[in-house]
Amino acid sequence: MSERKVLNKYYPPDFDPAKIPKLKLPKDRQYVVRLMAPFNMRCKTCGEYIYKGKKFNARKETVQNEVYLGLPIFRFYIKCTRCLAEITFKTDPENTDYTMEHGATRNFQAEKLLEEEEKRMQKEREEEELNNPMKVLENRTKDSKLEMEVLENLQELKELNQRQANVDFEAMLKQYKELEEEQRRKEQEEDEQEMKAMLEQAQNRRLLVDSDSDEEAAKPRPNPTARTKPTDILQEDPQSKRPRTESWERSVGKLSTKAQLAGLVAPRRQKVDPGLDNGMETRGTAPSTGSLPAAAAAAATSSLGLLGAYEDSEDSGSD
């Protein structure tokens, strides 16, 4: 099976390319091409404007017996978009442009024609001066005379304008200088006033500072040498400082305080021996004072026991 995309074809050994019949086509045959209008034009039949860049399906042919430096010239046929009239134009390789043949007129052609005329005249003048030195001298004298005439006309126009204007330039310059001097004088006066205001403000500030310093000097100042050592602050009277109370102590109150519970505990009364009572009575009041420490110790022990039991019950209730 042969390949679909074949690049190398098979030539038999008896192949002769001269025997292949050539296709004879006319030299002026036309091709259909897609192009854009190379310039703005207006149809002569209906007056429709065709702007530059409009696309057409045109027919192209080679112009017979017209060549520029070996380059062929092509002709294009298009149709008007409104009346379908035929419009033709061809290439111009000499000016790198296109030329209109018939069917329409090219817009903005006057400037181009003027430039072409100037180029043509310049070219003719150069050709004349090439082989005729007297013509060169004549052209130079004409140019110098023309330049002198232009300068004279310009000077006359300037003098005419001066006579019609009636402007005294000396007075105008003098007035300008006076205005400039007056403006400079005003600026100096403003600067002096600003300087005076700044000096007054500075003097007022100085007076205020001096008065404040006098008042501060009249006030008694604390003696900085009252404390000789930095550690003297640690030796202050502890009674002057108030005990710090926590927030929960202020709201709820202290727990496990002996002073508040001391009133709730009643001391146990001990039975006194009648023999000791009789002895105490016989001896006087001295033994009675000796028995007080023992009774106080017994009351303290009993109160501490009750206090410990109360604190244990409080702790268990909080848990």
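In the predicted model, Tyr 68 stands opposite Leu 71, a residue of strand β5. The pairing to which strand β5 contributes involves strand β4, which covers residues 55-68, while strand β5 covers residues 71-79, and the two run in the antiparallel sense over six bridges. Both strands belong to an open sheet of five strands, arranged in the order β1-β4-β5-β6-β7 with antiparallel pairing. The edges of this sheet are formed by β1 (31-36) and β7 (97-102), each of which pairs on one side only. From one strand to the next, the twist averages 40°.

Charged side chains were examined next, and a search of the whole structure finds 14 salt bridges. One of them joins the side chains of Glu 61 and Arg 75, with a distance of 3.0 Å from N to O. This pair links distant parts of the chain, since Glu 61 lies in strand β4 and Arg 75 in strand β5, 14 residues apart. Glu 61 has a relative accessible area of 10% and is therefore classed as buried, the cut-off for this class being under 20%. Arg 75, with a relative accessible area of 16%, is likewise buried.

Arg 75 also takes part in a salt bridge with Glu 101, in which the side chains meet at 2.8 Å, again from N to O. Because Arg 75 lies in strand β5 and Glu 101 in strand β7, this pair ties together parts that are 26 residues apart in sequence. Glu 101 has a relative accessible area of 30%, and is thus partly exposed, whereas Arg 75 is buried.

Elsewhere, salt bridges that share partners join Glu 61, Glu 66, Arg 75, Lys 90 and Glu 101 into one network.

Conventions: Residues are numbered from 1 along each chain as its sequence is written. This is a predicted model: local features need pLDDT of at least 70, side-chain atom pairs count only at pLDDT 80 or more; totals for chains, interfaces and linings use all residues. Side-chain values use heavy atoms; hydrogens and water are left out. Two strands pair if DSSP finds at least two bridges between them. Helices (H or I, at least four residues) and strands (E, at least two) are DSSP runs, numbered from the N terminus. Axes are lines fitted to C-alpha atoms, for helices over the stretch in contact, and angles run from 0 to 180 degrees between N-to-C directions. A salt bridge is a side-chain nitrogen of Lys or Arg within 4 Å of a carboxyl oxygen of Asp or Glu. Buried means under 20% relative accessible area, exposed over 50%, partly exposed in between (1.4 Å probe, protein chains only).
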